[in-house]
Each structure stands twice: as C-alpha cells, then as structure tokens.
Amino acid sequence: MTNEPIDLHAVLKQFDDLWSPRIAARINDYDVRVTKVAGSYIWHVHDTTDEFFLVLDGELGIAVRDPDERVVSLSPGSVFVVPRGTEHRPFSDGGASIVVIEPAGIPTTGDRHDPLPNHIKTHTGVPL
C-alpha cells in the first residue's frame, strides 16, 4: 500500500474487468476495493461480516433477502451496508463503478453462493 493519495477514478481507468475488484487501500484489517460492475452478480452471503457499498458512478441495485426479498437502489454518492448473514445479489443494468469495504481476505462470492457463471470468479481482490 502507499502513503500517498489514491485517485479512485484513475484506478478505475486502469482495468475493464467486471466484478473484479482492485484493492485501493487498507484500513486496519479492511480492504477498500474498487470495481466496475454490469449485469447481475450471484446470490451470496457473508456469514461473519457486513459488506459496505458506495456508488461512485452509475446505478447499483442490491437485491436482499432480509427475510423478504427487496431491492435497494443506489445512485452516485449513496451507501448501503448489507448486514452479515444476509443473502444478497448486486446488479447494475447500465453499469456502475463502486467501492466495497470488507475485511481483507474475504472472498467476493461470500461463504455460500449460487453456482458461478463463467464471468464471475472467486477471489479476494487484486492488489494495485
């Protein structure tokens, strides 16, 4: 990591992969991940940690089952925290750039998830 400011928009210009977050910074034991998203992710759950979402550009929906299914809609500048143990599925019809904050080493697909389509890989973020 660096002790210099990080321009998240510049980081986002460095890659085109969808649903493949880059680790922009670390706060204590938490990763600050930036990623581009489009289409639909998978239903998944993080059993032991909350997941923080911040939309930088575009629109993001997060379907949650808590216990009834509903959709949380986020526009640029909006944040939402998915509580631990809550099944959720992020999606973006028009594409979005987002920040996700969660503990370092937590897989993007959670502890339990639907079968993975070819465009989604399990990993813990790609260092800059």
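## Reading a strand, a loop and a cavity

Reader: Let's start with E5. Is strand E5 (residues 60-65) largely enclosed or largely open, and why?

Author: Burial is read residue by residue. In this predicted model, five of the six residues of strand E5 (residues 60-65) are buried, so the strand is largely enclosed by the rest of the structure.

Reader: Thanks! Which strands pair with E5, and in what sense?

Author: In a regular strand the side chains alternate between the two faces of the sheet. Pairing is a separate matter, read from the bridges. E5 runs antiparallel to strand E6 (residues 69-74), with six bridges between them, and it pairs with E8 over five bridges, again in the antiparallel sense.

Reader: What is His46 in contact with, beyond its neighbours in sequence?

Author: Leaving out residues within four places, its contacts include Glu51, Arg84, His88, Glu102, Thr108 and Asp111.

Reader: And Thr48: buried or exposed?

Author: Thr48 also belongs to the loop between E3 and E4, but with a relative accessible area of 57%, over the 50% cut-off, it is exposed. Setting aside residues up to four places away in sequence, Thr48 touches Arg84 and Asp111. For a sense of distance, Tyr30 is 18 residues from Thr48 in sequence, and their C-alpha atoms are 14 Å apart.

Reader: Last one: how many cavities of 30 Å³ or more are there, and what lines the largest?

Author: For a cavity, take the volume and then the lining. There is one cavity of 30 Å³ or more, and the largest cavity holds about 150 Å³ of space. Its lining has 14 residues, with Trp19, Tyr41, Glu51, Val100 and Thr108 nearest the centre. By class, eight are nonpolar, three polar and three charged. Strand E2 (30-40), E4 and strand E8 (87-103) each give at least two lining residues, and E8 provides the largest share, four residues.

Methods: Residues are numbered from 1 along each chain as its sequence is written. This is a predicted model: local features need pLDDT of at least 70, side-chain atom pairs count only at pLDDT 80 or more; totals for chains, interfaces and linings use all residues. Side-chain values use heavy atoms; hydrogens and water are left out. Contact means heavy atoms within 4.5 Å. On a 1 Å grid over the protein atoms alone, a cavity is a set of points where a 1.4 Å probe fits but cannot get out, and a pocket is an open set with protein on both sides within 12 Å along at least five of seven lines; lining residues have an atom within 4 Å of a point. Grid points are joined across faces, edges and corners, and a volume is the space filled by probe spheres set on the points. Ala, Val, Leu, Ile, Met, Phe, Trp, Tyr, Cys and Pro count as nonpolar, Asp, Glu, Lys and Arg as charged, and the others, Gly among them, as polar. Buried means under 20% relative accessible area, exposed over 50%, partly exposed in between (1.4 Å probe, protein chains only). Two strands pair if DSSP finds at least two bridges between them.
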